[in-house]
Amino acid sequence: MDDFTPRELMIVAAARELRDGEIVFVGMRLPLLGFLLAKRTHAPRALGLYENGVIRETPAAELLYTMSDLPNITRATACGEMLMVMGLLAQGRVDVGFIGGAEVDRFGNVNTTLVRREGKSILRLPGSGGAGDIASLARRFIVLMPHERRRFPARVSYITSPGYGEGRGWRQRVGLPPGGPAAVITDKAILRPDPETKELRLVSLHPGVSLEEVRASTGWDLQIADPVERTPPPTPQELRLLRSLDPEGVWTR
Amino acid sequence: MTRKLMSLSEAIGRYVADGMSLVMGTALEAAIPFAAGHEIIRQGKRDLTVIGPISDILFDQLIGAGCVRRVIAAWVGNVSEGSAYNLRRAVEEGVPHFVDVEDHTNLTIALGLHAAALGVPYLPTRTALGSDVARGHPGLRPIRCPYTGEPLLAVRALAPDVAIVHVQRADEFGNCHLWGNLGVTLDAVRASRSVIVTAEEIVSADLIRSDPNRTLIPGFLVTAVVHEPWGAHPSPVVGYYHRDHAHFREYHERTRTREGFLAWLKEWVLSVPDRSRYMDRLGPERRRALRIAQSALSAPADFGC
């Protein structure tokens, strides 16, 4: 029971970011499991919004591969149009949303559209989906990503989902509501924006991960909080609940 | 009222022409009109513009089959598996040919269709301000609010030539009952010049009128109605069948190479004449496993007087 996978720790850390009673733009995969775990532990009154038009207070009875799977519709609180839930997001009524990505930079801008490689070639990725909307309009957002140097450049090659842009004051200058990334949760650490500069800095190292390892996996001169914390490992209760949500480890292995 | 019931090949042959713009996949991962998409491929339509919020492999199939010139979408991929290999080959290498991608977010697709549904040229939003999605975008122009002076994006109205939607049940006049997550379906129908409906069941007009609040697509907006059971497989339809996750996984594995995709296309699209033969190929066991196991009926609503 004490052994856990890096993904399990990421999900537990994501769950701990949610507060009870919050309105959450849930997303899929790891964030979905984080939301379900939070609901079964410290945030039973959290409300889940899904961009396909679904609002849920209770968890789906089975593991979901997509938000439109039938178990997410059965016993939902409400089903309707995308603009019903996106309108709430645009109004500023959504507390927190989760996004993933291919690249994140030192100001928390996320790229899921295209990566420019050496020379002229490009790597085409699926695109924004709702991620750009969550990053633009939620009161805060959380990024979940594997921590690799190529995924953590100083500046992303394309801003799909705006974080703090070029730093302090940028969001206001371009017309975005306050919001912005509250945390970047990786398989090695947790980064949060410096309150003054809005640059991401290391605030917590996961169990067994060294500072040097995180620095080497980050493409800019990473600032370190003092003191830097150790991410608490998942509790036995968190692990038990999480494994009951995904018994075959589809998203957690 | 006009009866609009016809076969899928007739509907696609009559109402989808080379060079048209089509909105599909409007309920996101559910009720994706795969049967209609496969008929478009079999009829060899070319130079299409495909429009939609996300597309769970349907746009990838149309791109790989060479039907698409332009994509206007927020996301093109395989929701449970990741990348769309045909999109990648088309954009990165021009295989089978280059396609233009006009990137959006889900909200800007929804607002573009909503603008057309309201008959206005654009709608303003704050989403995507400062992002590279909005940079130099022909359909997302920076404006100032005439009241407050604040910066906004003007999302250009998106008025497709054709909307293709899959629904649970329709009558022969095109009045449709649909339920579950709706995504941008209703705006897509109102925004488009013609509408092709594929339906799991064709029911009487009397049954439709028993529950007018569920008639989310009124028949006078509909151009063609097609009876197409399993018409959304491998995507799910509420009340009928589950998402076929294994099919999405298999598509992902087999389409990593161009040769793999062409073999897949031949097996599942080009060598089957219609959806009923496609479902034969899927086999009775797989169909049984995908059918909903347990009904959960809603309480009836009283419309008496």
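This is a predicted model: local features need pLDDT of at least 70, side-chain atom pairs count only at pLDDT 80 or more; totals for chains, interfaces and linings use all residues.
Residues are numbered from 1 along each chain as its sequence is written, and chains are lettered from A and ligands numbered from 1 in the order in which they are written.

The contact between the chains takes 42 residues from chain A and 51 residues from chain B, two residues being in contact if their C-beta atoms, placed from the backbone, lie within 7 Å. On the side of chain B that touches chain A, two or more residues are given by each of strand S2 (48-56), strand S3 (68-77), helix H4 (85-93), helix H5 (106-118) and strand S7 (151-156) of chain B; here helices (H or I, at least four residues) and strands (E, at least two) are DSSP runs, numbered from the N terminus. S3(B) gives the most to this side, with five residues. The residues of this side of chain B comprise 28 nonpolar, 15 polar and eight charged, where Ala, Val, Leu, Ile, Met, Phe, Trp, Tyr, Cys and Pro count as nonpolar, Asp, Glu, Lys and Arg as charged, and the others, Gly among them, as polar.

Between the chains, helix H4 (residues 82-91) of chain A packs with H5(B) at an angle of about 115°, the axes lying 11 Å apart; axes are lines fitted to C-alpha atoms, for helices over the stretch in contact, and angles run from 0 to 180 degrees between N-to-C directions. Met82(A), Leu83(A), Met86(A) and Ala90(A) of H4(A) make this contact with Asn106(B), Leu107(B), Ala110(B) and His114(B) of H5(B), and by class the contact has six nonpolar, two polar and no charged residues.

Within chain B, H5(B) also lies across S5, S6 and S7, running at about 145° to S5(B). These three strands form an open antiparallel sheet in the order S5-S7-S6, two strands being paired if DSSP finds at least two bridges between them. Strand S5 (122-125) and strand S6 (140-144) of chain B stand at the edges, each with a single partner strand, so one side of each has no neighbour in the sheet. The twist averages 35° from one strand to the next. S5(B) and S7(B) pair in the antiparallel sense over four bridges, and Val155(B) in S7(B) is the bridge partner of Leu123(B).

In chain A, ten strands form an open sheet of mixed pairing, in the order S4-S3-S2-S1-S5-S10-S11-S12-S13-S14.
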